[in-house]
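Please work through the exercises below with the sequence and the structure side by side, trying each task before reading its solution.

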Amino acid sequence: MSIRRLPEHLVNRIAAGEVVERPASALKELVENAIDAGATRITVKLAGGGIELIEVIDDGCGMAAPEMALALERHATSKLPTDDIEHVATLGFRGEALPSIASVAQLTLESRVRGAEGWSLTVDNGARIAEGPAALPPGTRVRVEALFGRVPARRKFLRSTRAEYAACLDGMKRLAMARPDIAFAVEHDGRRVLSVQGGESRPARVAALTDRALQENSVAIDFEREGLVLGGVASIPTFNRGVADHQYLFVNGRPVKDRLLVGAVRGAYAEMLARDRHPVVALFLDVPPEVVDVNVHPAKTEVRFRDPALARGLIVSGLRRALDAAGHRSVQRPSEAALGLWQPGGVPTTSPSSLEEGLGWRDSRPFVGLGETQPHPNPSPEGEGLRHYSGMVRDFQTFFAAAPLARAEPARHEAPLATDFPLGVARGQVAKTYIVAEAQDGLVLVDQHAAHERLVLERMRRAMAGGTVPSQALLLAEVVELDEPGCDRLEARVEELRAFGLELERFGPRAMLVRAVPAALGTGDVHGLVTDLADELASFDEALSLKERLDHVAATMACHGSVRAGRILSVAEMNALLREMEVTPHSGQCNHGRPTWVKLAHGDIEKLFGRK
């Protein structure tokens, strides 16, 4: 078969297959055109998830009638005033979106330049069918109907209406997040689903489009390095989600989905989040146009950096610095589900035997509820009131005489005031695991193991920054048996581990000899430490930097060297732990992303007792 030139309508359909994958793709292109036109308000109307109708209305600069006809031709654009594609300053630049959409749907384009008459063009699957004057305010209105209506092979691959609508809404959120100076409104099947006003601050716009609670549980990012500027907001580690769908990345105002940037976010939160939890972030990276290539993918959702390591390092460093400034912050308020577990006081419904065992009662008489009396063998009307009163007194005496499970220790000197410290003053310990502290504005509960685990990790990091972690030689070297691959992994990292104060030596094909451990860890479970380190090394990604690998090792060591749950602490030890938490970065969460402390505000306590 001889080579021939494809007809124009077929060329447009082929291009549409790359540019217009689904309704969300068409919507993205149309809204980007509106933003590039200088619009201050953009209204979107959808029907059937965007499959039946997409309408975009803006108040931008508009187009004259000759320009409208030219805009429907391929590779016609006003966004590249020169021939230099390396300095793209607009969201669109290819000149393919409108003709591609018009080739697979019925497209009506109406536009008016200020001071001129409006004009309308209608194209049905590549064929122009109508044009003429149109009445509309200055700006542009684009109406796309029956997308892929005449391309059944493409239409059958679309997902459900609900799924396509969700994709459209997600795309609109990203575009609205990128431009807080523009007002956006979205309607679906006649129902308003999104509305934000223009002129908002960036943190306010991000919170409005994600979660209102993000403003109280996030840190602002402002970091610059070698001409690259990073801004935005990032949640503190304890404010996280189970999926990574709440991570929004922008390069020069362009929403992108880039594996390099996503990996940088994960690296920045390493040892602060569990592996199945993800932060909520909106990062805005502004770089000189010549250091990033936006002409990588027809949909313009991917970018390529000239120096990927610099971009990744900028994100990791910027996030780490902002999170360091967050100090001991954590999501303070307990969840509604946790508050719902508190039961109001009253007559206990637990069986007498379990209550006696749990509360320390050793009285052999039958259990009597508060305010009740045992039946008198010879009841009389005269003595009924006295017996009822004496029964109440006896029951209260028995109840309060029981030894409590929680422990508190009297102060040996004048106790500090709770108002002097953000995390309050220790008042006792519950279940040998949780520290109870009184703060100025509520009750603070601290998980002693999780908190100390973070403190030990930060101490080791500071020691590493200053040189080498001090080690403590073992009186008798300990042999730890592992499988051969585990021993190989540890042997390959002997020098890195020695920098942490852990001295290992190969002891045959299936064992390691431990000669010294980090002094900060004390005499803990050496066998468990070495075993866990071997497992951690197996999960390392070779792309991780040396610093990230060392952070993994330090986190594993810190877990084994922290105060364990079940250890009784004195009041002085509890207060010392609280004070160190207040001055230690990231102490609001442990190395696995769980909160180290929660606060029950006075208002919450009043609600529990019906005072509010």
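A residue is called buried when its relative accessible area is under 20% and exposed when that area is over 50%, with partly exposed lying in between. The structure is a predicted model, and its residues are numbered from 1 along the chain.

**Exercise 1. Describe the chain as a whole, by its secondary structure, its burial and its contacts.**

Solution. Begin with the secondary structure, which comes to 19 helices and 24 strands. Next take burial: of the 612 residues of the chain, 46% count as buried. Finally turn to the contacts with a separation of 6 or more, of which 68% are accounted for by residues 24 or more positions apart.

**Exercise 2. Decide whether helix H2 is mostly covered or mostly open, and compare its span with the expected one.**

Solution. Helix H2 runs over residues 23-36, and its 14 residues reach 20 Å from the first C-alpha to the last, close to the 20 Å expected at 1.5 Å a residue. For the burial, 12 of the 14 residues are buried, and H2 is thus mostly covered. Just after H2, Gly38 takes a positive phi of about 85°.

**Exercise 3. Work out how H2 is oriented relative to helix H6, and which residues bring the two together.**

Solution. Start with H6 itself, which spans residues 161-178; its 18 residues reach 26 Å from the first C-alpha to the last, close to the 26 Å expected at 1.5 Å a residue. The axes of H2 and H6 are 9 Å apart, and the two helices pack at an angle of about 25°. Because angles under 35 degrees count as roughly parallel, H2 is roughly parallel to H6. The crossing in which H2 passes H6 is right-handed. On the H2 side, the residues that meet H6 are Pro23, Ala24, Leu27, Lys28, Val31, Glu32 and Ile35, while H6 contributes Glu164, Ala167, Cys168, Met172 and Leu175. Of these H6 residues, Glu164, Cys168, Met172 and Leu175 are included among the buried residues of H6.

**Exercise 4. Determine how H6 is oriented relative to helix H7.**

Solution. Helix H7 covers residues 202-209, and the axes of H6 and H7 come within 9 Å and cross at roughly 165°. Since angles over 145 degrees count as roughly antiparallel, H6 and H7 are roughly antiparallel to each other. H6 passes H7 in a right-handed crossing, and the meeting residues are Lys173, Ala176 and Met177 in H6 with Arg205, Val206 and Leu209 in H7.

**Exercise 5. Find which residues touch the most other members of the largest nonpolar core, and list partners of Phe184.**

Solution. The largest nonpolar core has 92 residues, and within it Val31, Ile42 and Phe184 touch the most other members. Leaving aside neighbours within four places in sequence, Phe184 is in contact with Val31, Ile35, Ile42, Met172, Leu175, Ala176, Arg179, Leu194, Ser195, Val196 and Arg205. Apart from this core lies another one, of 16 residues, among them Val480, Leu497, Val517 and Leu533.

**Exercise 6. Describe the packing of helix H8 against helix H9.**

Solution. Helix H8 takes in residues 259-268 and helix H9 residues 308-325; their axes come within 9 Å and cross at roughly 35°. H8 passes H9 in a right-handed crossing. The contact is made by residues of H8 including Leu260, Leu261 and Val265, and by residues of H9 including Ile315, Val316 and Leu319.

**Exercise 7. Ala146 and Phe148 both have a positive phi; which of them is buried and which is partly exposed?**

Solution. Most residues other than glycine have a negative phi. Phi is near 55° in Ala146 and near 60° in Phe148. Ala146 is placed in the loop between strand E6 (139-145) and helix H5 (152-155), and Phe148 is placed in the loop between E6 and H5 as well. The accessibility then separates them: Ala146 counts as partly exposed because its relative accessibility is 33%, whereas Phe148 counts as buried because its relative accessibility is 0%.

Terms used:
This is a predicted model: local features need pLDDT of at least 70, side-chain atom pairs count only at pLDDT 80 or more; totals for chains, interfaces and linings use all residues. Side-chain values use heavy atoms; hydrogens and water are left out. A nonpolar core is a set of buried Ala, Val, Leu, Ile, Met, Phe, Trp, Tyr and Cys residues joined through side-chain atoms within 4.5 Å. Buried means under 20% relative accessible area, exposed over 50%, partly exposed in between (1.4 Å probe, protein chains only). Contact means heavy atoms within 4.5 Å. Helices (H or I, at least four residues) and strands (E, at least two) are DSSP runs, numbered from the N terminus. The expected span of a helix is 1.5 Å times one less than its number of residues. Axes are lines fitted to C-alpha atoms, for helices over the stretch in contact, and angles run from 0 to 180 degrees between N-to-C directions. Angles under 35 degrees count as roughly parallel, over 145 as roughly antiparallel, 65 to 115 as roughly perpendicular and the rest as oblique. A crossing is left-handed if the near helix is turned anticlockwise from the far one by less than a right angle, and right-handed if clockwise.
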